[in-house]
Amino acid sequence: MDNSDLLVVRELKKTFPLAGGFLRKPSAFVKALDGIDLVVKRGETLAVVGESGCGKTTLGRCILRLDEPTDGRVYFENHDVLACDRKTLRRLRRDMQIIFQDPYSSLNHRMTIGRIICEGLTIHGFLSSRKREERVKEIMEVVGLRPEYFNRYPHEFSGGQRQRICIARALVLNPKLIIADEPVSALDVSIQAQILNLMVNLQKQFGLTYLFISHDLSVVRHFSDRVAVMYLGRIVEIGKRSVIYDHSSHPYTYALISAAPVANPLDKRDRTLLGGDVPSPIHTPPGCSFHPRCDYCQDVCAQFSPSMKEIEPGHWVSCHFPITTWE
């Protein structure tokens with residue numbers, strides 16, 4: 001691993017059992033993650049995109065061990081997150097925080113926002129009670145909340161303000177990595193822009209690294225440095241933002257980007273419509289998981305799963321026949 005690598009994920013897998021029958025024994029397994037490999041560099045924003053149900057959120061939760069992976073390895077600053085004991089994991093979690101998708105349900109409505117933001121400092125035993133309050137009010141100002149809101153409750157705030165509370169809660173321990181699980185999808189468009197700009201400014205101010213999970217390709221294009229595209233629990237393409245958006249090589253990525261809406265109604269472009277439905281993660285198709293919906297499928301696609309290939313520096317694709325070969 002390179003010194004610039006903050007987070008390294010190798011062959012990460014997660015299956016969920018489906019209970020059935022009289023004794024409620026597992027009758028089948030859902031493959032939420034099926035061998036994920038990725039590297040997140042210090043100070044960058046890596047976006048993970050894909051259709052709903054492809055495993056994006058599960059990936060973020062498994063990295064933090066909020067869900068226990070079935071197999072694989074996760075290294076954070078060369079520490080094996082999945083092999084460390086409870087005490088070591090608690091220490092590592094100071095540097096790894098998460099922002100959840102729904103700011104309303106992720107906040108305890110019986111606690112004031114001051115207590116919510118301060119909770120991490122209390123759990124990890126940082127600072128005295130007086131200095132904790134000072135630290136919380138300082139972070140509140142950084143994220144655009146007035147310090148006099150300290151004793152108010154979450155229901156007294158708008159959706160955008162609640163997400164600022166969640167960002168403050170993640171930021172108060174001064175982490176190195178923040179996993180942002182669709183942090184603006186529940187907000188109005190105008191508020192989305194404010195939150196995204198805030199996150200960009202915080203990244204510059206505190207040297208943060210983001211793993212940004214989203215299904216909104218326009219948001220990702222504005223916010224990310226690199227993009228990883230997921231389909232049915234696997235990463236099918238990863239590369240720099242400009243390469244993914246302008247020279248995508250996997251047929252699924254190509255179709256996904258062509259389907260993204262554009263603001264200019266005069267901007268006409270060809271759209272690639274995918275046929276069929278997303279295969280079941282319980283019974284994944286043999287070979288390439290995308291081949292039942294791919295217009296360029298050949299016999300080998302239904303028989304053998306493609307490996308990740310670097311088709312140009314930093315641009316990896318999992319496809320037997322990437323677009324560059326049939327364009």
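**Entry 1: H3 against H4**

I began with helix H3 (residues 113-123) and helix H4 (residues 129-142), which pack at about 115 degrees with their axes 9 Å apart. For my own record, axes are lines fitted to C-alpha atoms, for helices over the stretch in contact, and angles run from 0 to 180 degrees between N-to-C directions. Helices (H or I, at least four residues) and strands (E, at least two) are DSSP runs, numbered from the N terminus.

I looked up the hand next: H3 passes H4 in a right-handed crossing. A crossing is right-handed if the near helix is turned clockwise from the far one by less than a right angle, and left-handed if anticlockwise. On the H3 side I noted Ile113, Gly114, Ile117, Cys118, Leu121 and Thr122, and on the H4 side Arg132, Arg135, Val136 and Met140. Contact here means heavy atoms within 4.5 Å. Sorted by class, the contact of H3 with H4 has six nonpolar, two polar and two charged residues. The classes are Ala, Val, Leu, Ile, Met, Phe, Trp, Tyr, Cys and Pro as nonpolar, Asp, Glu, Lys and Arg as charged, and the others, Gly among them, as polar.

**Housekeeping**

I keep in mind that this is a predicted model, where local features need pLDDT of at least 70 and side-chain atom pairs count only at pLDDT 80 or more, while totals for chains, interfaces and linings use all residues. Residues are numbered from 1 along each chain as its sequence is written, and side-chain values use heavy atoms, with hydrogens and water left out.

**Entry 2: the largest pocket**

I found about 530 Å³ of space in the largest pocket. Of its 18 lining residues, Arg93, Met96, Gln97, Ile123 and His124 are the closest to the centre. On a 1 Å grid over the protein atoms alone, a pocket is an open set of points with protein on both sides within 12 Å along at least five of seven lines, a cavity is a set where a 1.4 Å probe fits but cannot get out, and lining residues have an atom within 4 Å of a point. Grid points are joined across faces, edges and corners, and a volume is the space filled by probe spheres set on the points.

Helix H2 (86-93), strand S6 (96-99), H3 and helix H5 (159-171) each supply at least two lining residues, and H2 gives the most, with four. I sorted this lining into ten nonpolar, three polar and five charged residues.

**Entry 3: Arg169**

I then picked Arg169, which lies in helix H5. Arg169 touches Gln97, Phe100, Ser106, Leu107, Ile116 and Ile117, leaving out residues up to four places away in sequence.

**Entry 4: cavities**

I counted two cavities of 30 Å³ or more. The largest cavity has a volume of about 90 Å³, and among its 13 lining residues Pro251, Cys288, Cys294, Cys301 and Cys319 are the closest to the centre.

Helix H9 (251-258), strand S9 (226-231) and helix H8 (241-246) each give two or more residues to its lining, and H9 has the largest share, three. By class I get eight nonpolar, one polar and no charged residues.

**Entry 5: the whole protein**
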